[in-house]
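Hi everyone, thanks for making time. Let me put the structure up, and then we can walk through a few helices together.

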Amino acid sequence: MPEQGPVPVRGPEPAVGSERGAPSSGGAESGRGRSSRTGGRGRRRPSWARALRPSGRNRAPGTVPAAREAGPYLTPAQAFDALYAYCAPALVRQAYLLTGRHDLAHESVERAFQRAWDRWPEVARDPDPAGWVRAAVHDWALSPWHRFRRRYRHPEPPPPDEGDRVLLDALLSLPPPYRRTLVLYDGVGLDLPETAAETEASTRAAAGRLLRAREVLAERLPEPAGPGELHDRLAELASSGRTRAAEPAAVRVGGERRARLWTRTAAAVTVVLIGSTAMTLHTAPTHYVPPVPPGETVRGVPPRAAPGPLSDEQRELRDRLREALLDGPERLTPEAR
């Protein structure tokens, strides 16, 4: 269970939508610092679209907006709820871009925050708790084991917009490492070294994945899209469907219930192992008993013949032997002293 001590909260933070510039290939304008809320295709950009990247230029790593009237300290539950309210909506949209499934996106966010609540002392002391949770969300969303689950064997209904469907199909056609690199760099807005570190690759490999992913999207999309335009398109695609995250209290309770279930399961398995070990020690032999070899048929021995009739001489000899054994002098008799 997490520690119950107070957690310090930093001072006032800039707005969630504060932006920072990001490097782009070929010196193209990134377009992430623009004040316009209109997407590249004439649509009005959603108010949260710029929050795909949870950290801004002036935000120190690991800081989250403090709850109002919370005082200088927060309990672990209050700090967790603040981190969840700050990161969960954007992480749901990122997970949807990685998987193309709203159910799996919500499940990935809930599992990641449940894991963070189980390890809350570690996450609270991390320099970038939002990055810690984001990495856990992406790892769960891109796990290859989901393909064997029955609920994820069939695709979800595509987005209603034709452009969003083309972009989502192009994203899902990329290998998972390329897809994750593109979402982190062009969607979230991380720098190339940060993207490489989060994807566990070198900077050169991350740059190659990013360029290749952009080439595939340029071939699949009907209209060319630069880095800034691609960021807007990803934000618009992430806004389609169910993007509302669960309540933080429900996530915490679910994580605690799951932790209790795993603890009881581990205890039951331990008891079964101890009982089976004790039974084995009680019933196992204390010395080695060699096994009895199986019988074999003896071959080459002549069959036993029945005796025939006795001759006169044999009968006479038999009679003499019988009389000598009974009354002859060879018989020993005890004598009293």
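**A walk through the helices**

Starting at the N terminus, the elements of the protein run β-β-α-α-α-α-α-α-α-α-α-α-α. That gives eleven helices and two strands, taken as DSSP runs (H or I, at least four residues, for helices; E, at least two, for strands) and numbered from the N terminus. This is a predicted model, where local features need pLDDT of at least 70, side-chain atom pairs count only at pLDDT 80 or more, and totals for chains, interfaces and linings use all residues. Residues are numbered from 1 along each chain as its sequence is written, and side-chain values use heavy atoms, with hydrogens and water left out.

Of the 337 residues in the protein, 36% are buried, meaning under 20% relative accessible area with a 1.4 Å probe, protein chains only.

Now to H5, residues 162-173. Which of its residues are buried? They are Gly163, Asp164, Leu167, Leu168, Ala170 and Leu171. Looking down the axis of H5, these fall within an arc of 160° (by directions from the axis to the C-beta atoms), so they line one face of the helix. They pack against helices H1 (76-99), H6 (176-188), H8 (203-220) and H9 (227-238).

Two of those partners also meet: H6 and H8 pack at about 90°, with axes 9 Å apart. The axes are lines fitted to C-alpha atoms over the stretch in contact, with angles from 0 to 180 degrees between N-to-C directions. H6 and H8 are therefore roughly perpendicular, the word for 65 to 115 degrees.

Note on methods
The expected span of a helix is 1.5 Å times one less than its number of residues. Buried means under 20% relative accessible area, exposed over 50%, partly exposed in between (1.4 Å probe, protein chains only). Contact means heavy atoms within 4.5 Å. Angles under 35 degrees count as roughly parallel, over 145 as roughly antiparallel, 65 to 115 as roughly perpendicular and the rest as oblique.
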